[in-house]
Amino acid sequence: MEVITVKNIRKTFGASEILKDISFSVHTGEVLGIIGPSGSGKSTLLRCVTQLETVSDGTIKICGDTLVSGINADGRPNYADEATRRRIMLKIGLVFQNFNLFPHFNVMRNITEAQRLVLGTPKQQAEDTAVMLLEKIGLADKADLYPYQLSGGQQQRVSIARALALKPEVLCFDEPTSALDPELTGEILKVIRALAEEKMTMIVVTHEMAFARDLSNKIIFMDKGVIVEEGDAKEVINNPKNERTRAFLSKY
Amino acid sequence: MEKMLAAMMGGTVVSLEVFFLTLLFSLPLGLVITAGHMSKIAVVRIPVRIFMLIVRGTPLILQLIFIYFAPYYIFKLSYNRFTAAIIAFSINYACYFAEIYRGGIEAIPKGQYEASFVLGFTKAQTFFRIILPQVIKTIIPATGNEVITLVKDTALAQTIGVAELFRVAQTASSREFSTTPIFVAGVFYLIMNWAVTVGFDKLEKKLSYYR
């Protein structure tokens, strides 16, 4: 089943076109890796799917709901109503490059706050979920600590737990290891790999090529706002067909 | 001497009333003004900015006189001096607090809003649960400054005839041909501000559980 369908989306900021006619789809249980140089539009693409940015044109369907379909007569993108957008938002989780944990909440509350406020989950149940997730990411003993007391890798793992607590259908990662040193990067990759084994549907924007190759079912290589090459992960990374892809990958 | 001290205690009570009532009204009003100042709607933003320019750009003493006498000259309406003082002080301080709030709000990283949005928090939840608690922590030192100034500024209420501490001290001073009451008043202000400083230190410590 197609969980995410993106068709012909465009994104312009003033005169510059950040995304040019992007189309792709993600199926249930699939991991999509998005690679490419800085400024190629990978993050913007992810931000459009997670509604942090709006597209200028095109169609995005998520879990059977249409987020946006083309443009209206006035040239503005035809977005779904508030309720639908919110429903879609809750089906997609996002893990940020720099974690963005809430510094004034301890680890437990970082994970329970949205469950309680957004889903209306009772306190005990929310905390049970948090404990279960903390065990899964290997931080069961850190529930009472505040983000500043954790290493970057631990903070990022908590932010993954925070996203998972809402039981999203799809989890997106925006360069989840770019703010971490190689040692801490390993911790995060391990967690993502475990999620992949559980058949969690994921979109991962990353600069970790070996990881993208081993983990993803499908890879998209982007450059200057277009998808230059896409296909089977091992195929794209081991045997890139496009000249631009080859040049980019040779640097790794 | 005893009579003088008794009178000055009475004046201190009036000063404290001005002080606490001003805080009570100006702290929340400042938040409303910040919202206006940061509004995306120009018809809200521009008048608020002009208003702030006027309030912060003219002497508080003048504003006291204006608030008290303007209704009389325009509508032949006279009202309580104390009420006028509270209105003038509250508006004036709200404008200063508004700028402190704005500084605090703008210091919160964009990622906090984005994380809240993606997790599905409403705008109100994001502001009151995520942003405001962090803002309060960052603005404590600047707010403490402003509150200390307010303790001393309450002396200006005498301009429109409110018998606060400094007015009482001056009256006692001229009655007794001595500057002693003035200096005693100084000690009173110092004690009040010592209490304010201790209070803010405590608050800062209380919020130091995170960084």
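Which residue caps the N-terminal end of α6(A)? A:Asp181 does, with a side-chain oxygen 3.0 Å from the backbone nitrogen of A:Glu183. The model is predicted: local features need pLDDT of at least 70 and side-chain atom pairs count only at pLDDT 80 or more, whereas totals for chains, interfaces and linings use all residues. Residues are numbered from 1 along each chain as its sequence is written, chains are lettered from A and ligands numbered from 1 in the order in which they are written, and side-chain values use heavy atoms, with hydrogens and water left out.

**View 1. Helix α6 of chain A and its ends.** Helices (H or I, at least four residues) and strands (E, at least two) are DSSP runs, numbered from the N terminus. Helix α6 comprises residues 182-197 of chain A; at 1.5 Å a residue, its 16 residues should span 22 Å, and the 22 Å between its end C-alpha atoms agrees. The expected span is 1.5 Å times one less than the number of residues. Just after α6(A), A:Lys199 takes a positive phi of about 65°.

View 2. Buried residues (under 20% relative accessible area; exposed is over 50%, partly exposed in between, with a 1.4 Å probe and protein chains only) include A:Leu184, A:Ile188, A:Leu189 and A:Ile192 in α6(A). The face turned away from the buried side carries the exposed residues A:Glu183, A:Lys190 and A:Glu197.

View 3. All 6 of the 6 residues of β10 (residues 218-223) are buried, so the strand is largely enclosed by the rest of the structure. A:Lys218, A:Ile220 and A:Met222 lie on one side, and A:Ile219, A:Phe221 and A:Asp223 on the other. Strands pair if DSSP finds at least two bridges between them. β3(A) pairs with β10(A) in the parallel sense over 4 bridges, whereas β10(A) and β11(A) run antiparallel and are joined by 6 bridges. A:Lys218 is the bridge partner of A:Leu32 and also of A:Asp232.

**View 4. Surroundings of A:Phe24.** Leaving aside neighbours within four places in sequence, A:Phe24 is in contact with residues including A:Ile4, A:Leu32, A:Ile203 and A:Ile220, contact meaning heavy atoms within 4.5 Å.

How values were computed:
A polar contact is a pair of N or O atoms within 3.5 Å; within protein, one must be able to donate a hydrogen and the other to accept it, and residues adjacent in sequence count only if both atoms are side-chain atoms.
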